[in-house]
Amino acid sequence: MRIGICSGSFDPITKGHVDIIERASKLFDEIVVLILVNPNKEPTFSDHERKELIEKSISHIKNAKVDCFTGLLVDYAKKIGAVAVIRGLRAVTDFEYEFQMALINKKMYPEMETLYLNTGSEYMYLSSSIVKQVAKFNGDISSFIPATILQQVKEKICPER
Ligand code: ADP
């Protein structure tokens with residue numbers, strides 16, 4: 001079985017992420033959407049909340065599941081026998097960081113490939129932080145995140161409204 005990992009912070013998951021996961025799920029037998037916990041970053045949504053939001057957003061993708069991990073992506077990939085990590089590329093600004101990560105991961109675990117999928121053009125501008133900024137000032141985020149999680153995200157970011 002060929003397992004691919006879609007890794008990220010997903011703080012919170014957006015329609016841009018879902019698009020990448022949907023497309024990746026057609027290329028692999030199984031996709032693990034992996035929330036990588038960065039102990040140096042204080043996320044808006046807890047690990048548990050992020051996992052729940054992803055599960056609600058990708059329940060239609062039958063060969064995808066969600067997990068959470070503190071540590072190196074390569075160690076997780078080795079543990080489950082994943083053959084690739086799939087990342088989304090929005091613009092050249094993503095490229096430098098992604099290139100560095102791919103090279104370091106290759107050095108640590110040569111058996112794992114890094115695959116890039118281009119962002120869907122309608123999601124090029126979209127990031128978790130933009131969603132949070134717009135929601136904070138009570139802007140309309142319905143075109144940015146899945147309908148199934150809209151209320152939960154709004155309540156967390158802008159609880160007084
Ligand atoms: P990270 O902190 O690892 O970059 P993110 O949650 O920001 O985590 O992103 C996870 C992955 O999803 C990354 O590969 C990122 O480039 C990709 N991604 C994020 N937003 C979009 C989008 N709008 N379109 C395509 N890919 C995206």
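User: Where in the chain is Asn138 found, and why does Asn138 count as partly exposed?

Analyst: In this predicted model, Asn138 sits in the loop between helix 5 and helix 6. A residue is called buried under 20% relative accessible area and exposed over 50%, with partly exposed in between. Asn138 has a relative accessibility of 45%, so it counts as partly exposed.

User: What is said of the phi of Asn138?

Analyst: The phi of Asn138 is near 60°, which is a positive value in a residue other than glycine. Such a value deserves a remark because most residues other than glycine have a negative phi.

User: Which value does the phi of Phe10 take, and why is Phe10 called buried?

Analyst: Phe10 also has a positive phi, near 50°, and is a residue other than glycine. Phe10 belongs to the loop between strand 1 and helix 1. Its relative accessible area is 3%, and the limit for a buried residue is under 20%; therefore Phe10 is classed as buried.

User: What makes the peptide bond from Asp11 to Pro12 worth noting?

Analyst: That bond is cis, with omega near 5°. The form is noted because most peptide bonds are trans. Pro12 lies in the loop between strand 1 and helix 1.

User: Why is the contact of Glu49 with Lys156 called a salt bridge, and which parts of the chain does the pair link?

Analyst: The closest N and O atoms of Glu49 and Lys156 are 3.1 Å apart, which is within 4 Å, so the term applies. Glu49 is in helix 2 (residues 47-57) and Lys156 in helix 6 (residues 150-157); the pair thus links distant parts of the chain, 107 residues apart. Lys156 has a relative accessible area of 35%, so it is partly exposed.

User: Which salt bridge does Glu113 form, and why do Glu113 and Lys106 count as partly exposed?

Analyst: The side chain of Glu113 meets that of Lys106 in a salt bridge, with 3.0 Å from N to O. Glu113 has 42% relative accessibility and Lys106 has 31%. These values fall between 20% and 50%, so the description "partly exposed" follows.

User: How many salt bridges does the rule give, and how many positive and negative side chains are there?

Analyst: The count comes to ten salt bridges. The protein has 21 positive and 21 negative side chains, and the centres of these two sets lie 0 Å apart.

User: Why is Arg50 called buried, and which residues does Arg50 touch?

Analyst: Arg50, in helix 2, has a relative accessible area of 3%. This is under 20%, so Arg50 is buried. Leaving out residues up to four places away in sequence, Arg50 touches Ser9, Phe10, Asp11, Ile35, Pro43 and Phe45.

User: What makes Ile21 count as buried, and with which residues is Ile21 in contact?

Analyst: Ile21 belongs to helix 1. At 1% relative accessibility it counts as buried, since the limit is under 20%. Beyond its neighbours within four places in sequence, its contacts include Cys6, Ile31, Ile58 and Ile61. Ile21 and Ile61 are 40 residues apart in sequence, and their C-alpha atoms are 8.4 Å apart in space.

User: Why does the radius of gyration of the protein agree with that of a compact globule?

Analyst: With 161 residues, a compact globule would have a radius of gyration near 15 Å, and the protein has 15 Å, so the two agree. The C-alpha trace spans about 50 × 30 × 30 Å along its principal axes. Buried residues make up 45% of the 161 residues.

User: How many helices and strands are there, and in what order do the elements run?

Analyst: The protein has six helices and five strands. From the N terminus on, the order is β-α-β-α-β-α-β-α-β-α-α.

Key:
Residues are numbered from 1 along each chain as its sequence is written. This is a predicted model: local features need pLDDT of at least 70, side-chain atom pairs count only at pLDDT 80 or more; totals for chains, interfaces and linings use all residues. Side-chain values use heavy atoms; hydrogens and water are left out. Helices (H or I, at least four residues) and strands (E, at least two) are DSSP runs, numbered from the N terminus. The radius of gyration is taken over C-alpha atoms; the globule rule is 2.2 Å times the number of residues to the power 0.38. Buried means under 20% relative accessible area, exposed over 50%, partly exposed in between (1.4 Å probe, protein chains only). Lys and Arg count as positive and Asp and Glu as negative; His and the chain ends are not counted. The place of a charge is taken as NZ of Lys, CZ of Arg, CG of Asp or CD of Glu. Contact means heavy atoms within 4.5 Å.
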